[in-house]
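Please look through the structure shown here.

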Amino acid sequence: MATASAVYWERLWADGRRYRQVTGAETTLLAKHLGPGRRRPALDIGSGDGALARHLHHRLGYRATGIDCAPTALALAAAQDAEAEPGPVWQLMDFTSGDLGELLEPAYAAVTCRLVYRWVDDKPAFLDRVRHVLAPGGILWVVTELAERREDTDPLKKLGITAADIEFLTAGWSVVRTADLDLLRCYALQL
């Protein structure tokens, strides 16, 4: 049975909604903070059209799995993988409620979460689940908008995370690195 979140996101993807594309500046930061994949497993949560998972797989050398709760998003992701070599694996799953045992790998060297964290209702449970699938020394890469970067009168201010969200996100990691991109902040969080 589909969760309310899955129904919500599927409707948006099916209606043709598309989201901010991965930029060259983002991929440069990703390479700097995650490093070469060396065929280690990577998990992209909320992969959408698959651009980040494809970058992890084809450009950085990870064995990427992209998961999303919207079937339309995964179909779009799979259709866009035109590389000659096999691309990422696409898996239908709501990370917040799905059975983690259904993931292809028991642990991941990198877990990415781009423009997703703000939408997670139960952030403590989400981060616990991420830590459960992250290999020792692994890195959680979160790209999110910051609420403080918009004026209080801006109706899009709600798209960003708050100072309290940031504090919770960054607590309990052995290494926390950040990099800024306009309204976005990238977090490289290491166990």
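Predicted model: local features only at pLDDT ≥ 70, side-chain atom pairs only at ≥ 80, totals over all residues.

Residues are numbered from 1 along each chain as its sequence is written, and side-chain values use heavy atoms, with hydrogens and water left out.

Two packed helices are described by the angle between their axes and the distance between the axes. Helix α2 (residues 24-34) and helix α3 (residues 51-59) have axes that come within 12 Å and cross at roughly 50°. T27, L30 and L34 of α2 meet L52, H55 and L56 of α3 (contact means heavy atoms within 4.5 Å).

For helix α5 (residues 123-133) and helix α6 (residues 163-170), the axes come within 10 Å and cross at roughly 25°. α5 and α6 are therefore roughly parallel to each other. On α5 the contact is made by K123, P124 and L127, and on α6 by D165, F168 and L169.

The whole structure has 6 aromatic pairs (Phe, Tyr or Trp rings, the six-membered one for Trp, with centres within 6.5 Å). Y8, W9, W13, Y19 and W119 are linked by ring pairs into a cluster. The charged end of R118 sits over the ring of W119, 4.1 Å from its centre (NZ of Lys or CZ of Arg within 6 Å of the ring centre and within 35 degrees of the ring normal). The charged end of R129 sits over the ring of F95, 5.6 Å from its centre.

Conventions. Axes fitted to C-alpha atoms, helices over the stretch in contact; angles between N-to-C directions. Helix = DSSP H or I, 4+ residues; strand = E, 2+ residues; numbered from the N terminus. Parallel < 35°, antiparallel > 145°, perpendicular 65-115°, else oblique. Phe/Tyr/Trp six-rings, centres within 6.5 Å; stacked < 30°, edge-to-face > 60°.
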